[in-house]
Amino acid sequence: MKEKQIDVDIKFKYDFAGLKNQLKKSNLCKIVADYENDDTYSLMFACEDEHMSKLNNIVAHSLSDFYINRYKKYYLEHHINLNGIERMFVPAYICAIASFDTFTDKDISLDADYTINKISVIPFLYFKLQGLIQRWQMIANLTNDNIQCFDKSTAVIDLLCYLVKNQQNKSKILKVCFEEKGIKIYNNNELSFQSFSQNKSDIGDLIAVLVKLCPQKLIINSTNANSNIEMIRKIFSEKVL
Amino acid sequence: MKFIKYLIGTFVCFFVCMLALVPIIVNDSLPNSMIVNYDISKFHKKGLLSAKYIPSNDTTATATNFSKGQLQIKYFGINVKNIDVYKVENDEIYACGKTVGVALQSKGVVVIGQNPIITKNGKEIICSNINVGDIICEIEGEYVETADSVSKIINDEQYKGKELVAKYKRDGKVYYTTIKPKLDMESQTYKLGLWVRDDASGIGTMTYVKSDTLEFGALGHPISDIDTGAIMDVFDGQIYKCSVLSIEKGSRGQAGQMRGIFVQSQNSLGSVSKNTNFGIFGKTTNDMLQYCKKVKIGGRNTAKAGKATILCSLDGKNIEEFDIDIIKTSYKGKNSNKSLVFKVTDKDLIQRTGGIIQGMSGSPIIQNGRLIGAVTHVFLNDATKGFGVYLDLMLENS
């Protein structure tokens, strides 16, 4: 019988609910403990020796997903000089830059040795996955070195457009309807799943959501043209006329 | 006696056949065009197989630093082949190898799909006569510069709801058709129901820069729409400094790629004016010369099977030279950007990239101190093998 413990900062506790469920469902191990202590959330599980390599594999994928889909964004937010970027574009830019080239991130991340019995998630990243940190720092430096360009919205829009083009499409069709009461996003089945107001910060959030969902086809419906629509059209350069 | 006659007959037949085959052999073995860097103006070789240089009055050739002419090959006084000869005025060129970001705005819009519109009759497909890959260039005689200009034209008061004449390109040929935009009930605007794209961006490698004019050539192949393959006419284009963030190694069945980012604002390295089958062309800045090295011009007439090198930048900053073996050179295929086959032999490059990867297109190929061409494609079943285009084809089309 072997035991394994995963410790993570309490603010990321809910990101590990998925791992806990996955371990439970796998029927390969038993959750021994699942507790909070000061600022740390710990998850302990035990299994027979022969199942350990399978469990290590589950942990490796789960931690990699956490690093790439959650912590990369957090890292970039804390290392990019966000004051230099036009406020409205900050969420979309962080989202787009964090989604760029996640394949390589995953390759580097899965290369690490996850067989150790006690993994402290964040220190593990900084000590065992320095390649990832170096890459993220390179992205942050690239933004900071060019920050003088980002005070112009056109430069941010051009870069967002490039990043979106190089992102793998996640959803097929999204429809954005600019209505009198606000803006609604509809999915492929014509179901509205998110609404925004027309104010500037909400437009920024709308762009961030669209960047995150990265639709293959974006249909924009509006009764009258305005600069926000033009901007979204420019970022998602495929247009339906 | 009979045997001697038979022998003589056979010999005569063989001799006549050989004589008849000469024009075929000449036609097949000589290139259709060549670049020379020496004075060919008085070239005249007499004999059964004669060759004479005839200068051309083509003024467009001199504009691109060439003087153009034809070498007429005659056999028994009968013309068997004309070889286009380009004499380069300046024998040196800068070979580059720098990775650049390219952003193009197309002239016209590329149709990438149909999209039904909700009209008063329900969902309708409108422009069924326009296919995916077509490029809409004009509507009612008005130039379509960007996708937004299509919207403006079809929603113009004078055209609203009317049948309009559209000019479009399909496989390089121009066609006309009529289109009738319909009122979209959701947006209350007139729409064509077409899903279009009007720009493209990516990273590639700079092949050469001409020192006197700062004209450049890059990529060695066209920038085409990612979904439809349509070659975009350039409305506006820029090249930028690019940072390479990662390299995905090529493997059997899948080409690897360089992943990089470029910021389009203050990092422009020049403008793109042409997008052709043999690469993109335009004008760069003096800054670019620091990444280049001066070499002699080569091409089809100097390339031969054997050792050569390619220049490329795997980190976006430093330009490195890697060994290759040219496996096959072909004089023919004037319109092909796959006329040269090579294999990467450099262990360091294979270890770092697996061979040729996307983003290395345009990497200069240097043989015996001459720039002979550029990398264009990779073999999908073997990432260490690739195709190249000759430099003279790039220069001719620049």
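Author: Start with two strands of chain A. Strand β6 (residues 183-186) of chain A and β7(A) run antiparallel, joined by four bridges. Within that pairing, Ile185(A) has Gln194(A) in β7(A) as its bridge partner. Keep in mind that this is a predicted model.

Reader: What makes β6(A) and β7(A) a pair?

Author: Two strands pair if there are at least two bridges between them. β6(A) and β7(A) have four bridges, so they count as paired.

Reader: Which sheet do these strands belong to, and in what order do its strands lie?

Author: An open sheet of four strands, in the order β7-β6-β5-β8 (chain A), with mixed pairing.

Reader: Why are β7 and β8 of chain A said to stand at the edges?

Author: β7 (192-196) and β8 of chain A each have a single partner strand, so one side of each has no neighbour in the sheet. On average, neighbouring strands here are turned by 20 degrees against each other, direction ignored.

Reader: Which helices lie on this sheet?

Author: Helix α8 (residues 200-213) of chain A lies across β5 (171-178), β6, β7 and β8 of chain A. α8(A) runs at about 150 degrees to β7(A). Helix α9 (residues 227-235) of chain A also packs on the sheet, touching β5 and β8 of chain A. The direction of α9(A) makes about 165 degrees with that of β8(A).

Reader: What makes up the contact of α3(A) with α7(A), by class?

Author: Ala92(A), Tyr93(A), Ala96(A) and Ile97(A) in α3(A) meet Val156(A), Leu160(A), Leu163(A) and Val164(A) in α7(A). By class, that contact has eight nonpolar, no polar and no charged residues.

Reader: How many residues of chain A are in contact with chain B?

Author: 25 residues of chain A are in contact with 27 residues of chain B. α7(A) gives the most to the side of chain A that touches chain B, with five residues. That side divides into 10 nonpolar, seven polar and eight charged residues.

Reader: How do you know that β24(B) and β28(B) pair?

Author: β24(B) and strand β28 (residues 364-367) of chain B have two bridges, in the antiparallel sense. At least two are needed, so they pair. Thr309(B) stands opposite Ile366(B) in β28(B).

Conventions:
Residues numbered from 1 in each chain as written. Chains lettered and ligands numbered in written order. Predicted model: local features only at pLDDT ≥ 70, side-chain atom pairs only at ≥ 80, totals over all residues. Contact = placed C-beta atoms within 7 Å. Nonpolar A, V, L, I, M, F, W, Y, C, P; charged D, E, K, R; others polar. Axes fitted to C-alpha atoms, helices over the stretch in contact; angles between N-to-C directions.
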